[in-house]
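Dear colleague,

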Amino acid sequence: MPQHSMGDKPLVSMPQLVVPSPALAMDSACGHSPPSRRVSLGSSPGHGAPCPAAHSPSDSCSQLLCPPLTEKHGRQMPPEMHYVAAGPQSVACGWWAFTPKCLQAFNTPRGFLLFLCAAAFLQGMTVNGFVSTVITSIERRYDLPSYQSGLIASSYDTAACLCLTFVSYFGGNGHKPRWLGWGVLVMGAGSLLFALPHFTAGAYEAEVAEGVGMCRANRSVACRDSTSGLASYRLVFMLGQFLHGVGATPLYTLGVTYLDENVKSSYSPVYIATFYTAAILGPAAGYLIGGALLNVYTEVGRRTELTTESPRWVGAWWVGFLGAGAAAFLIAIPILGYPRQLPGSQRYVVMRVSETHQLKDSGRKAASRPNFGKTIRDLPLSIWLLLKNPTFILLCLAGATEATLIAGMSTFGPKFLESQFSLSASEAATLFGYLVVPAGGGGTFLGGFLVNKFKLRGVGIIKLCLLCTLTSLLAVFVFFIHCPNVPMAGVTASYSSSVLPEGRLELTAACNAACTCRPEHYSPVCGSDSLTYYSPCHAGCGGEAAPSAGSQKVYQDCSCVPQNFSSGFGHATAGKCTSTCQRKPLLLVFIFVVIIFTFLSSIPALMATLRCVCDRQRSFALGIQWIVVRTLGAIPGPIAFGWVIDKACLLWQDQCGQQGSCFVYQNSAMSRYMLITGLVYKVLGFLFFATTCVLYKPPSESPNSLAASLPRQSSASDNPMDVRDTPLALQLRSDVWRPTCLPRGTS
């Protein structure tokens, strides 16, 4: 073995660490450099302490950091690894000069994960929980039509799409915890702004209309063309949602990459899965807390004759947003105190294996520059490098198809259960929550666990996504099954209980002709003959029985409800008749399977995205992926599902001659349309994952070659002092040495 000499002292040949200045960065992963720039592995950069001349076979100084390269003539070249000085950085946790020792216990990946999960939980609870729960109350309180409330909801995704490129590009090369902390602060400001109209619009006043809806007191509703000034508050709500979108943008791009950079690559899926699980549990808490607050009158402390069942009831929708705003400020403070890199993270930078898709041109050479990605001039090249990566593009398209199904089902899943099983809106939302929380949260965490358990990489991760998509595709066929509609007089059945032809409505009959019932008064009741009626008026009910505590409202003397066991008319109970469908358990089980396997592929697909792009482009790649997913999936998903479901409507709301929302759906048609939509998007997702599996080009070297040559370390570097024990002598001192962004497999 040849020897290198330094003066008159021979040294045992060892792997070399090439440490060029930023201006002399190299273009290959394990290339060459002038001898004057070489530093032996046994020396800490800048200290010049050589390794001892004699070493045992197990000495760490003799272990290879990079697999030997072989030239065309078969001669092995000395292994080298490129490092670029990143400048002096502090790894202490704190704010400016205030870095107390008590805070350093949280300066670990697990500590950061705790606060990041709290931020994701808060984001999910606010945006996907509170907003979805109170949107109907806001429409009622501020006289907003449905399309305007839809604009409020879409403002979040619009803001995210506008900010993702900027945040992921510059934040990916900046101080990620500071970007995250300021994002949480902006999100908190959006929550406080969203609650502002309650304090500036004046007190809510609503009249109680006694007897409206019954045969003898069916007063008409005046149709007004004029609109109140309250509708202008939609701009405030849209701005609040816009700030929610801006603040949440760093969470799912910079937060994910910061976790991935500071933990061992094999444990990264578990950390990221825990983070996403918290984000999924947030909406569940939002539905529970928001639903409970809606049972409190919006003017807290003021007595009202309205009840929660009254059409004019408005709950305390604003309280949750005040709490979310305060919580955001408390969560942002510790996140802002974290350093650019956690102590010990350099060990994982060295050990992390690049599984970048191999490009055939020299575009990767430009990306290997130390200063690449820090100016706006590099933005077009960054986008071009991602567009030329077929693995990345196909994963984005597969994610868009999954996002379409998730967004569509989360919006209209409760409506599907409400129609199929004849449930109230609150009962359907609760039942759907019981399905989504264990299936969505469990599937997300299980996906990360499987990647870590079986040490999946590259093609193995993509094959897991393919298997999950195929399983959920087969489970979608459950929508062949449907429950029959509960008979409704004048809609699906005649007043004599005979079946009506499809599409024919006969709400007026001889028994209620004298009542002059108005179509604006939709308040379904269940007659004693197990037939649902449009309203107490359409059932011919002339009075209301004295209500007992905790019982449902009962209407009596209903001329359209036959009485079988005595003379006189029958009675009706407020609410729709319950469904006796025997297929309910089977439907729920297979819907659970669809949900869990859809979420099961989310973390593996995310890990595949992180592994198929260059280190320097990870944050930016996630930003571009989120833009594609939102533009092609999350935004049009509810629109596509809503348009399809409306095709199954049997009875539309009549608002002074204008068509409103749908009251009654045909269950068989709804199931059929859900099946078609689900199959289309699942088949597309399966094809995208299958094509990714075929086109992905793994590195030419063994993925474990570098990791095997390094000493074993703990999984998460939870002890900031662990890094001092590594024989690589790559401690974070005044200078941090970071590998350049270079694809593997080059020579």
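A residue is called buried when its relative accessible area is under 20%, exposed when that area is over 50%, and partly exposed in between (1.4 Å probe, protein chains only). Please keep in mind that this is a predicted model, in which local features need pLDDT of at least 70 and side-chain atom pairs count only at pLDDT 80 or more, while totals for chains, interfaces and linings use all residues. Residues are numbered from 1 along each chain as its sequence is written, and side-chain values use heavy atoms, with hydrogens and water left out.

The structure contains five disulfides, a disulfide being a pair of cysteine sulfur atoms within 2.5 Å. One of them joins Cys483 to Cys581, with 2.0 Å from S to S. Cys483 sits in the loop between helix H13 (459–475) and strand S8 (525–527), and Cys581 in the loop between strand S12 (570–574) and helix H14 (584–600), so this pair ties together parts 98 residues apart in sequence; helices (H or I, at least four residues) and strands (E, at least two) are DSSP runs, numbered from the N terminus. Cys483 is buried at 0% relative accessibility, and Cys581 is buried at 17%.

Another disulfide links Cys526 and Cys577, and it is right-handed because the torsion about its S-S bond is about 100 degrees.

What keeps Cys468 from bonding to the closest cysteine sulfur? That sulfur, in Cys465, is 6.6 Å away, which is too far for a bond; Cys468 is itself buried, with a relative accessible area of 2%.

Best wishes
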